[in-house]
Amino acid sequence: MGEQAVTGADGSPAPERSPATGEAASTGEVAATGGAAATGEAQSSGGAAATGGPSSGPAAAGMTADGAAAAEVEVPGAGMTADAGGATGPQSRTTDIVPGPGGVMTDEVGVVTGELTLRTEFADGQVTLHVQYKDADEWYVVTGGKAALDDAAGLDAVHSIAVGLLNRPEG
């Protein structure tokens with residue numbers, strides 16, 4: 001991979017900064033397993049430099065440039081979005097799919113075929129698979145697509161498996 005030029009708000013080159021502390025970098029700052037030392041000495045274990053503490057601000061993961069948490073995350077090229085619901089609130093993942101020749105069986109209308117959108121939803125300790133015709137308003141529950149799920153952390157894995165089973169664009 002190549003390097004990318006970083007510029008300030010006025011278009012001038014931004015000063016070199018330490019990824020862990022945000023402080024000005026100096027020659028010889030090397031971290032063995034994460035973080036960066038602000039003293040110019042190598043750091044042998046992960047974490048932030050001794051002078052900076054844990055990282056914060058726009059360099060922290062999961063934050064936008066202005067420091068605010070992102071409300072929705074898109075996964076480029078995967079046709080997926082993840083809502084920002086909390087660990088205890090409803091959460092969902094969506095992906096556009098094309099099922100195989102048999103389509104997808106739903107509780108409400110039977111088999112649906114063609115270009116569909118799959119939504120895997122977690123709420124109240126249960127995960128439910130829904131499909132809709134791409135860009136339509138109505139959602140249908142996938143027959144047999146409900147199961148208990150103790151932790152919302154498993155939602156991504158369940159969604160990935162459902163996409164792997166139902167998406168068959170080659171037939």
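User: Let's start with Asp156: what is its relative accessible area, and how do I read that?

Analyst: Keep in mind that this is a predicted model. Buried means under 20% relative accessible area and exposed over 50%, with partly exposed in between. Asp156 comes out at 41%, so Asp156 is partly exposed.

User: And which residue forms a salt bridge with Asp156?

Analyst: That's Arg93, with the closest N and O atoms 2.6 Å apart. Arg93 has 9% relative accessibility, so Arg93 counts as buried.

User: Why does that pair tie together parts of the chain?

Analyst: Look at where the partners sit: Asp156 is in helix H1 (residues 155-166) and Arg93 is in strand S3 (residues 91-97), so the bridge joins parts 63 residues apart in sequence.

User: How many salt bridges does a search of the whole structure find?

Analyst: The search turns up 3. Another one pairs Lys134 with Asp96, closest N and O atoms 3.7 Å apart. Lys134 sits in the loop between strand S7 (126-133) and strand S8 (140-148), while Asp96 belongs to strand S3, 38 residues away. Lys134 is partly exposed at 37%, and Asp96 is partly exposed at 37% too.

Then there's Arg119 with Glu121, at 3.5 Å between the closest N and O atoms. Arg119 is buried at 16%, whereas Glu121 is partly exposed at 28%.

User: What about confidence: what pLDDT does the protein average?

Analyst: The average is 71, and 49% of the residues score at least 70. Over residues 25-63 the pLDDT is below 50, though that stretch has 62 contacts in the model beyond near neighbours in sequence.

Key. Residues numbered from 1 in each chain as written. Predicted model: local features only at pLDDT ≥ 70, side-chain atom pairs only at ≥ 80, totals over all residues. Heavy atoms only, no water. pLDDT = per-residue confidence, 0-100. Contact = heavy atoms within 4.5 Å. Salt bridge = Lys/Arg side-chain N within 4 Å of Asp/Glu carboxyl O. Helix = DSSP H or I, 4+ residues; strand = E, 2+ residues; numbered from the N terminus. Buried < 20%, exposed > 50% of the residue type's maximum accessible area, 1.4 Å probe, protein only.
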